[in-house]
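We will go from the whole chain down to single residues.

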Amino acid sequence: MAVMPVILVAGSVILAGVLALVFTVLSCFWLYRDSRLHGQPPALWVLLAVFASPIIALLLYFIFGRKAPLEPCENCGSLLTRSDRYCPACGAANGLYGQPAPKRRLGALGTAAIVCGLASVVCMAGLLAGMFVFAFSAVDTPLETTTGEFIHSSLPIESAMDVNTGWVIMSTQGHRNGVWSFSMSKTSDGYHKSGRFDLDDPHDRILAADVICEGETLELEVIQDGETVYTEALSGADGVQYFSLAGLEPGEVKLRVVNHGATDISGRIWVE
Ligand SMILES: [Zn+2]
């Protein structure tokens, strides 16, 4: 991954995280204040926001908690809802009984919480979209050899069944743009990795290998119909090596990279 995307990803993650934190804190303050005005237990809603999530707490609060706002009784000041016909404290008739509920305002705190929450979501969505675009653009970028030339693969090489009895340290294997890549830090003697491809024209295609390793000896076996057609040494080469496929028949070809003592292996194999 290039330097720029790393900075962008880290920046977006930090920004989204900070915004989410601010959103949580503002939501807690808003829930505390608003739930008291609606005759709800404020501690319960704040605890729910802290331990479940502010989004869950707000959602539940708007569905179940924020029903009837409390307003003071005109006679004694006790808090009443508009569904109370009489004040339970002093018995006076409630002048606001049956009237439509007043407009529910979020207030500056609630608005700030929502803005932070939305900004955090936008930030995360932007980050995901960016990573998506980056992942797809990376697939389209041609791979380069160790000497900096573009690799053009004609026939895609895939993974093949490979039964190993030995051990390997730090092993990777992948396929991109038809190129078979692998790496192994250290292995037991005879450890191998396998790939396969379907050969169409043996005289028109050539096998290319770009392998870096320390020590001896890393070998490439080219196998067809269960028989090893030829074995070439991959270790000790400088740059890309080419191997003819003219001795093979059209059809499935198996490739096996076998290690006998080489270390810090990193290679790419493809068909041109
Ligand atoms: Zn009253």
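Predicted model: local features only at pLDDT ≥ 70, side-chain atom pairs only at ≥ 80, totals over all residues.

## A tour of the chain

**Stop 1: the whole chain.** Zoom out and switch to cartoon. The chain has 4 helices and 12 strands. Its radius of gyration is 34 Å, well over the 19 Å that the globule rule gives for 272 residues, so the chain is more spread out than a compact globule. Along its principal axes, the C-alpha trace spans about 105 × 35 × 35 Å. How many of the 272 residues count as buried? The share is 22%. As for contacts between residues at least 6 apart in sequence, 64% of them join residues at least 24 apart.

**Stop 2: colour by confidence.** The average pLDDT of the chain is 86, and 97% of the residues score at least 70. Which elements mark the lowest and the highest mean pLDDT? Helix H4 has the lowest, at 82, and strand S8 (residues 218-224) has the highest, at 94.

**Stop 3: the sheet that starts with S3.** Show the strands in the order S3-S6-S11-S8-S9: these 5 strands make an open sheet with antiparallel pairing. Its edges are strand S3 (158-159) and strand S9 (227-233), each of which pairs on one side only. Now select S3 with strand S6 (residues 192-199); the two run antiparallel and are joined by 2 bridges. Click on Glu158 and look across to Arg196, its bridge partner in S6.

**Stop 4: the sheet that starts with S4.** Here the order is S4-S5-S12-S7-S10, again 5 strands in an open sheet with antiparallel pairing. Strand S4 (168-176) and strand S10 (241-244) are the edge strands, pairing on one side only. On average, neighbouring strands of this sheet are turned by 15° against each other, direction ignored. Select S4 and strand S5 (residues 179-187) to see an antiparallel pair joined by 8 bridges. Within this pair, Thr172 has Ser183 in S5 as its bridge partner.

**Stop 5: Asn177.** Stay with these two strands and pick Asn177, in the loop between S4 and S5. Its phi is near 50°, a positive value in a residue other than glycine. Asn177 is partly exposed, because 14 other C-beta atoms lie within 10 Å.

**Stop 6: Asp264.** Move on to strand S12 (residues 263-271), where Asp264 lies. The phi of Asp264 is also positive, near 50°, in a residue other than glycine. With 13 other C-beta atoms within 10 Å, Asp264 counts as partly exposed.

**Stop 7: a cis peptide bond.** The peptide bond from Glu216 to Thr217 is cis, with omega near -20°. Thr217 sits in the loop between strand S7 (206-214) and S8.

**Stop 8: Gln99.** Finish at Gln99, in the loop between strand S2 (79-80) and helix H4 (107-140). Is Gln99 buried or exposed? It is exposed, because it has 9 other C-beta atoms within 10 Å. Then draw a distance from Gln99 to Ser83: they are 16 residues apart in sequence and 8.5 Å apart in space, C-alpha to C-alpha.

Conventions: Residues numbered from 1 in each chain as written. Pairing = 2+ DSSP bridges. Rg over C-alpha atoms; globule rule 2.2 N^0.38 Å. Buried ≥ 20, exposed ≤ 12 C-beta atoms within 10 Å, placed from the backbone. Contact = placed C-beta atoms within 7 Å. Axes fitted to C-alpha atoms, helices over the stretch in contact; angles between N-to-C directions. pLDDT = per-residue confidence, 0-100.
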